[in-house]
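The sequence and model come first.

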Number of protein chains: 2
Amino acid sequence: MKILVQKYGGTSVGSIERIENIAKRIIRHKKKGDNLVVVVSAMSGETNRLIALAHEITDCPDPLHYDMLFSAGEQVSVALLAIALLKKGIKARAFLGYQVHIITDKTYKKARIKLIEKEKITKELHQGTIVIVAGCQGVDEDGNITTLGRGGSDTTAIALAAALKADACEIYTDVDGVYTADPRIVPAAKKIHKLTFDEMLEMASLGAKVLQIRSCELAKKYRVPLSVRSSFNNVTGTFLVDEVKKMEERVISAVCVDKDQARFTLSGLPFEPDMMEKVFGPLTERTIVIDMIVQNPPVNNTINLSFTVSQADYKETKKVLESLKTYYKTIHISDEQKIAKVSIVGVGMVSQSGVAYTMFHILGTHDIPIKMISTSEIKISCIIDRAQAEVAANALHAGFQLG
Amino acid sequence: MKILVQKYGGTSVGSIERIENIAKRIIRHKKKGDNLVVVVSAMSGETNRLIALAHEITDCPDPLHYDMLFSAGEQVSVALLAIALLKKGIKARAFLGYQVHIITDKTYKKARIKLIEKEKITKELHQGTIVIVAGCQGVDEDGNITTLGRGGSDTTAIALAAALKADACEIYTDVDGVYTADPRIVPAAKKIHKLTFDEMLEMASLGAKVLQIRSCELAKKYRVPLSVRSSFNNVTGTFLVDEVKKMEERVISAVCVDKDQARFTLSGLPFEPDMMEKVFGPLTERTIVIDMIVQNPPVNNTINLSFTVSQADYKETKKVLESLKTYYKTIHISDEQKIAKVSIVGVGMVSQSGVAYTMFHILGTHDIPIKMISTSEIKISCIIDRAQAEVAANALHAGFQLG
């Protein structure tokens, strides 16, 4: 049985007209003989509306009930898509996360899928039914609704594709693939036709909003045959692959900009073995994701430690760090919100020398000071002033000849 | 353990400000030591918004998915109320229908509760938690979400009160009790302090929108200690009782107006034993509720049959009746939408003569022709022109000295 998993994002189902267009697209695929599992996000704007309601009550809504609230958005869109397909005489059936046993851990707001019991879905597929699954939601072992975090519908689609051993997983979004840079920032950006899982993973973590990081991890782990394409046209999108021949010729694949960053610096921390645990333990407990970490060697037995978090976690991070002063009475805490992370990504970088130098040189000639640097095998990231992000991205895109 | 079940309607939770006011009211009750189970409807307007979305796609949305869509409204309001209570440091926990095992049949859009497994709720109550339950929803034995029909949150509250053997069940709405007539139609209407279950049941079926019919049936069956009151003030409401002494003095308790009616008349039906089955069978299959039925004795072996349905069922009823022409080629079908049903209700009617005559006399002196009549032991209903409904209601209210 050939199985195709498709995921449609919020803008693709943003109105009844768009839902009906998606229904037509799905029917075309169905008529080709594919067994279809369709994952749908909430209608665009709906998630924000629900979250705004909760935030009218409190800045920190209780996570369990936040997830119950949030998941209502996808419930609406899957029901409407099913109604649209059934109206056209096509067998379709919508399911919520708990109904198809998408079992997650209890990390509300950012839950991880532990298991998918696929029997209910395969039974429906065998009967020729199009199975529609609410994105971004699951259920913990006690029957509480959980959600997978922003962009979690990609994770739902890829996890289903992995569990069902699907022949293809197509992520439909409002752009027609992955670009060498965000076209809104870098007008010269071009679509990338093939990208490795590793590059995509780096790009997701560097602020490219095309795919959620965890969905890239999953796709890589289970080698899900993945493509990203537009639901508004029939243009061929970007295919994710293990490795691409000829790719060695390409040193850099893309430039990424992430403006959703905030930096913290702790000065005068004692150079002690349990210090890191004391700093990062309470942040991890609150599931705050630390991005870049920079630490210089100790001077006079004290160290300076800098790291970045997402803007959403800024307030809570600040509160947690202030409480460190109970142990470390002499530390100084500073932070900066108006920063951006610009990065270059490419598997070709591994075997090339001088890539970092070229990056620093390009930024230098544009009078852009570098505040922090972090590297991996296939990317280099620099923290700069947020006001200079656009100039930096365009300069790097041109300098590495991605246009 | 003393248990109090409260139900708050859509206008009571129509905004975040109102939800926070309800939270304060609930906390006051909790501090008195009551064990609280709170049933909540969707925020006012939300249910209509969701239904409008489905109707943008089709006039007849698939019922299973309609219920999935519809139930998202209550999911949002219970989550928000729980968030509001938790913010105030009060232990609270919201549950959807399936999570507290409100098991229904499979009559989507109008499901009936078969069973409530109360263990999960009593466990939470024993821990001092306020239990919040989504109104109007349940789950069938296959795990599909069902809804109980408009006003079904009352049914949820009363069913929970019955299952938990609650000491009281309070229905909070936007009026402070049951009135002798709808005050918007009859300005002289007065609040009724005590009403029998039978009277309430008749009034519900006659268009008084205070309580859903099925919730009255349930309340009567399980003798649930019920009151109806306003969530916007602390005025004593209307108490539902088995029987009231002194009530014999009162012949009529209330006047009801129902403008949500449409009439169908089938002329020239053959007088055959299976005719009624052929007419009403297909309507029942579609769960269309028939209200008044009038049939005259046969003339020339044919009969004329009239009945009323709710406006919502008008289109579908018409379609079903048209298909009768395949059996009965010579029947004539007529219908009328601009009608109203005015009724008088009262347990005292049983032992009083001349009540019907007085009603017809009052309508006659106001030049209001009566198109159909239907009676029970404790009510008399007349179908009249919709344009004359207000005049009729005021005249009856004054004529029976209810003011």
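How many residues does the contact take from chain B and from chain A? The model is a predicted one. In it, the contact takes 26 residues from chain B and 26 residues from chain A. On the chain B side, α1 (16-31), α2 (46-57), α3 (63-70) and α4 (72-87) each supply at least two of the residues that touch chain A. The most comes from α4(B), with 10 residues. By class, the side of chain B that touches chain A has 17 nonpolar, 5 polar and 4 charged residues.

Chain A holds an open sheet of 6 strands with antiparallel pairing, in the order β16-β17-β15-β18-β20-β19. Its edge strands, β16 and β19 of chain A, each pair on one side only. Neighbouring strands are turned by 30 degrees against each other on average, direction ignored. Within the sheet, β15(A) and β18(A) pair over 11 bridges, and Phe264(A) stands opposite Asp335(A) in β18(A). Helix α9 (residues 275-285) of chain A packs on this sheet and touches β15, β16 and β17 of chain A. The direction of α9(A) makes about 130 degrees with that of β15(A).

Some strands of chain A, with their residues:

| Strand | Residues |
|---|---|
| β15(A) | residues 254-270 |
| β16(A) | residues 290-295 |
| β17(A) | residues 302-310 |
| β18(A) | residues 332-345 |
| β19(A) | residues 372-376 |

Elsewhere in chain A, helices α11 (residues 355-365) and α12 (residues 389-399) pack with their axes 10 Å apart, at an angle of about 130 degrees. The two helices are therefore oblique to each other. The contact involves Thr358(A), Met359(A), Ile362(A) and Leu363(A) of α11(A), and Ala392(A), Ala395(A), Leu396(A) and Gly399(A) of α12(A). This contact has 6 nonpolar, 2 polar and no charged residues.

Notes. Residues are numbered from 1 along each chain as its sequence is written. Chains are lettered from A and ligands numbered from 1 in the order in which they are written. This is a predicted model: local features need pLDDT of at least 70, side-chain atom pairs count only at pLDDT 80 or more; totals for chains, interfaces and linings use all residues. Two residues are in contact if their C-beta atoms, placed from the backbone, lie within 7 Å. Helices (H or I, at least four residues) and strands (E, at least two) are DSSP runs, numbered from the N terminus. Ala, Val, Leu, Ile, Met, Phe, Trp, Tyr, Cys and Pro count as nonpolar, Asp, Glu, Lys and Arg as charged, and the others, Gly among them, as polar. Axes are lines fitted to C-alpha atoms, for helices over the stretch in contact, and angles run from 0 to 180 degrees between N-to-C directions. Angles under 35 degrees count as roughly parallel, over 145 as roughly antiparallel, 65 to 115 as roughly perpendicular and the rest as oblique. Two strands pair if DSSP finds at least two bridges between them.
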